[in-house]
Amino acid sequence: MEELLQSKLKDVETYLNSLDLTDKTEVEKRSFLIEVLHKVQENLGYIPDEVQKLVAKKLKIPSSQVYGVVTFYNFFSTKPKGKYPISVCLGTACYVGRANEILDEFKKILNVEEEEVTDDGLFSIHPVRCLGACGLAPVVKIGEKVYGRLKRNDVRKIIREYRAKEKNS
Ligand code: FES
């Protein structure tokens, strides 16, 4: 796992070193930042602190600016995620529908806390604010799949399905 991360980090460094910024204005560099961060996230699955600093150095912008962008957009992540990231909505409609109980059930069954990855690398749990499907509250998204009107009792079955899928793949 560590070796894989190191080799991916090397790829990211090679990519950053290949960028030619000589003709870019300050404004262009800033808009380029999002594109660069997308590439990094695609490659590593998240954007750790040390890579944020590398990006800042390469684009010659303050690392606080990079951090600001990474934390502003929720499609960027500063921590590793599981193969199937579980976003549990804790927005008002979902909260009223007892989303906190669903969150607790995921934590209990997977034996991880929020923002942690399970030992097998399959799942991580991420509380979020409104997934934009309030009519289906309480809502959970696993990867790109949305589960609406979820009940605490559904959680174990869903996890079992993902595990079975992994076994058969
Ligand atoms: S509050 Fe959960 S989807 Fe909107």
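Helices and strands here are DSSP runs, helices of at least four residues and strands of at least two, numbered from the N terminus. On that basis the protein, a predicted model, has seven helices and four strands. The domain assignment divides the protein into domain 1 (2-72) and domain 2 (84-167). The points below cover the overall layout, the confidence of the prediction and two helix pairs.

**Overall layout**
- The order of elements along the sequence is α-α-α-α-β-α-α-β-β-β-α.
- The C-alpha trace of the protein spans about 55 × 35 × 25 Å along its principal axes.
- A distance of 30 Å separates the C-alpha centres of domain 1 and domain 2.

**Confidence**
- The average pLDDT of the protein is 90, and 97% of the residues score at least 70.
- Helix 6 (residues 99-110) has the highest mean pLDDT among the elements, at 98.
- The lowest mean pLDDT among the elements, 76, belongs to helix 1 (residues 2-18).
- Where pLDDT is low, predicted coordinates should not be read in detail.

**Helix 2 with helix 3**
- Two packed helices are described by the angle between their axes and the distance between those axes.
- For helix 2 (residues 26-44) and helix 3, the packing angle is about 145° and the axes are 11 Å apart.
- Helix 2 and helix 3 make a right-handed crossing.
- On the helix 2 side, the contact residues are Lys29, Phe32, Leu33, Val36, Leu37, Val40 and Leu44.
- These residues meet Val51, Val55 and Leu59 of helix 3.
- By class, the residues of the contact of helix 2 with helix 3 are nine nonpolar, no polar and one charged.

**Helix 3 with helix 4**
- The axes of helix 3 (residues 49-59) and helix 4 (residues 63-72) come within 8 Å and cross at roughly 125°.
- Angles of 65 to 115 degrees count as roughly perpendicular and those over 145 as roughly antiparallel; helix 3 and helix 4 are therefore oblique to each other.
- The crossing of this pair, helix 3 and helix 4, is right-handed.
- Helix 3 contributes Gln52, Lys53, Val55 and Ala56, which meet Ser63, Val66, Tyr67 and Val70 of helix 4.
- The residues of this contact comprise five nonpolar, two polar and one charged.

Notes. Residues numbered from 1 in each chain as written. Predicted model: local features only at pLDDT ≥ 70, side-chain atom pairs only at ≥ 80, totals over all residues. Domains from an automatic or database assignment. pLDDT = per-residue confidence, 0-100. Axes fitted to C-alpha atoms, helices over the stretch in contact; angles between N-to-C directions. Parallel < 35°, antiparallel > 145°, perpendicular 65-115°, else oblique. Left-handed = near helix turned anticlockwise from the far one by under 90°. Contact = placed C-beta atoms within 7 Å. Nonpolar A, V, L, I, M, F, W, Y, C, P; charged D, E, K, R; others polar.
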